[in-house]
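Here are some notes for a colleague who is starting to read this structure. Please keep the sequence and the model open beside the numbered points.

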Amino acid sequence: MSEAHTAANTSTPADDAHGVRHTDVLIIGAGLAGLSTALALPQTLNVTVLSKAALDLCSSHYAQGGIAASLDAKDCTADHIADTLIAGAGLCEAKNTTEILSSGEQAVQWLYEQGVPFTQIPQQESKSHIKAGFDLSYLHLTKEGGHGCRRVAHADDATGRHIMEALVIKAQAASNITILPYHEAFHLLKNTDNRCQGALVFDHVHQRQLTLHSRAVVLASGGLGQLFKRASAPNVCVGDGVMMAWQAGCRLANLEFIQFHPTGLALGDSSFLISEALRGEGGRLYCPQTGKRFMLDIDARAELAPRDIVARAIAEQININGLGYVHLDVSHLPAAFLQAHFPQIYQTLLDLGIDITTDPIPVAPTAHYSCGGVVTSANGLTDVTGLYAAGEVAYTGLHGANRLASNSLLECVVVGRHIAADIPRYLHATKKPDATSIYINSEQSIYDIWTPPMLADYQRITLPSPIEYQRHANDHHNANIHTSINKDIAGITTQLKALMTSHLGITRSAEQLEQALGQICQWQQQLGGRSFDHIDTKSQDHVISYHTLPYVQLTRQLQLAALIMQSAYQRHESRGGHYRQDYPNLASKPLTSIIEPPSLTAFATIDDIDTTAHITTADVQKTTVPPLAMRESG
């Protein structure tokens, strides 16, 4: 998508002299989750969508494989649910999983109606294998790892790009939707009722801070893959949405479960993925040295085992051969078929000197998807009234300990549309003349208006040791303090990626995690231990600027890295995408890891000072974190 295309958005809403704007619904993120929500909302609502960069710089745009749904006549939703629960290794929230996957057919139908050009089977072939009466009767379905049958609808091998181009065109044509590219939200605003009512935003175009007030906020900011050195996600995906929600009062869940895509292109610093659909169509993995097809000895499903199994097997082969890659071979498949079904992969690799019709592809695991995130219901409600979340930033429980391939695009559409259906109800319930109280009448409580997501069978992650909370004085916001440390920011950012990759990769251990926590502590101290999480909108001295934003971004990444490390450190088992060398077996009972937010009293109003996670060297050196305190919710 060209810059000219992304710039052709709806008009920018007028703001007052102080950079304050108002909208009915603020959506932070312009990926599939964000745009699905925006397009499904009533056109009577004014909707503002923020994109941190250009509209094509989001994970949704780069999704290759497709969207999973039970569409084949021989398939059923129950089988899709069963495959998802198996891949999730006991940590899927069964109710939410059922609710989301049961809406699969409607989600694909909705995308088709938006103009997504799904690949179809030739008209002369029989269509009896597709469910009778379904409008998309000629959809071509492919198969990916963990799926028991073909159920992945796709648009060539660039499904995400085709979906996003179709939705962007629709959103730009909608008179009620304003899209603001190069606008980065960095702090959520709440009123005295503890309701989320907007965000502080940095406008990269004019290099200034804006205040965007809204009646409801949808967080669709994407994942955290760019905390790692090798990642499929674009460089905007650093988990800032997760941290904004946590600091606003939301619980986080299962941050330790980072899914590594088994087959990233292992060529230089490339972040290009080799779609799992190649393995679904018969691609095979070989050791480059011996020529042995190694997955046959690992799992009965061979190359189509769940991603965590395939990724670990490849990592083990790489550790043995020392080459940094294994070979994925599809040269035994017809050349015409490969060129027709995988045109993007074929041409991209051909430009790099690899002809997939004759040559093997060097591949290695790459950080791909965060299975955890902001605790959210299947309807997108979070712990904070008025704040919804959808997409990779959210934890609905659909993915459990390991995401089933192509379920993520489905989740974006389904939850986004669920949010769009709920927002009018919420806005009506909270529409009242008295803005100081959430109660509509003496009979109605906040829980009638907003029901926080419920979790069963969870364990709290212990944060006070080695992570402690520190309150920072307002004078830490003086931009002059950054003069001496700006030069360190780029270096620490690069080193953090390497640290996360080496110490929180496909396999982990207590020793690695302790070392990483200590290193993060040193970086925090190097940066002065200061935080820009709180911005006082009444004081111009505290306005984020072009010069201070990199510092804000890095300190937040270090905080998030510490939370992920702590979650991995306290999960004393191996499950799904989390493999501990020192705890190789499953725990007796699967429990969801929960990180509770700092004291809610610290976030009562937008003028309070936030508390932030900060590791101390002394704690890391002197403290052994005890086993997780097991607690089951009632």
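**Notes on packing, burial and strand pairing**

1. Helix 2 (residues 32-40) packs against helix 13 (residues 407-429) at an angle of about 35°, and their axes lie 8 Å apart. Here axes are lines fitted to C-alpha atoms, for helices over the stretch in contact, and angles run from 0 to 180 degrees between N-to-C directions. Helices (H or I, at least four residues) and strands (E, at least two) are DSSP runs, numbered from the N terminus.

2. The model is predicted, with local features needing pLDDT of at least 70 and side-chain atom pairs counting only at pLDDT 80 or more, while totals for chains, interfaces and linings use all residues. Residues are numbered from 1 along each chain as its sequence is written, and side-chain values use heavy atoms, with hydrogens and water left out.

3. The crossing of helix 2 and helix 13 is right-handed, a term used if the near helix is turned clockwise from the far one by less than a right angle. Helix 2 contributes Leu32, Ala33, Ser36, Thr37 and Ala40 to the contact, and helix 13 contributes Leu409, Cys412, Val413, Gly416, Arg417, Ile419 and Ala420, where contact means heavy atoms within 4.5 Å. These residues divide into eight nonpolar, three polar and one charged, on a scheme that counts Ala, Val, Leu, Ile, Met, Phe, Trp, Tyr, Cys and Pro as nonpolar, Asp, Glu, Lys and Arg as charged, and the others, Gly among them, as polar.

4. Helix 8 (residues 240-248) is mostly covered, with nine of its nine residues buried, that is, under 20% relative accessible area (1.4 Å probe, protein chains only). Among them are Asp240, Met243 and Trp246. Just after helix 8, Gly249 takes a positive phi of about 120°.

5. Four strands form an open sheet in the order 11-14-13-12, with antiparallel pairing; two strands pair if DSSP finds at least two bridges between them. Strand 11 (258-265) and strand 12 (284-286) are the edge strands, each pairing on one side only, and the twist averages 45° from one strand to the next. Strand 12 pairs with strand 13 (residues 326-329) over three bridges in the antiparallel sense, and Tyr286 has His327 in strand 13 as its bridge partner.

6. Which residues cover the two sides of strand 20 (residues 592-595)? Thr592 and Ile594 lie on one side and Ser593 and Ile595 on the other, and all are buried. Strand 10 (residues 252-253) runs antiparallel to strand 20 and is joined to it by two bridges, with Ile595 as the bridge partner of Leu252. Strand 18 (residues 458-460), by contrast, pairs with strand 20 in the parallel sense over three bridges, and Tyr458 stands opposite Thr592.

Technical notes. Buried < 20%, exposed > 50% of the residue type's maximum accessible area, 1.4 Å probe, protein only.
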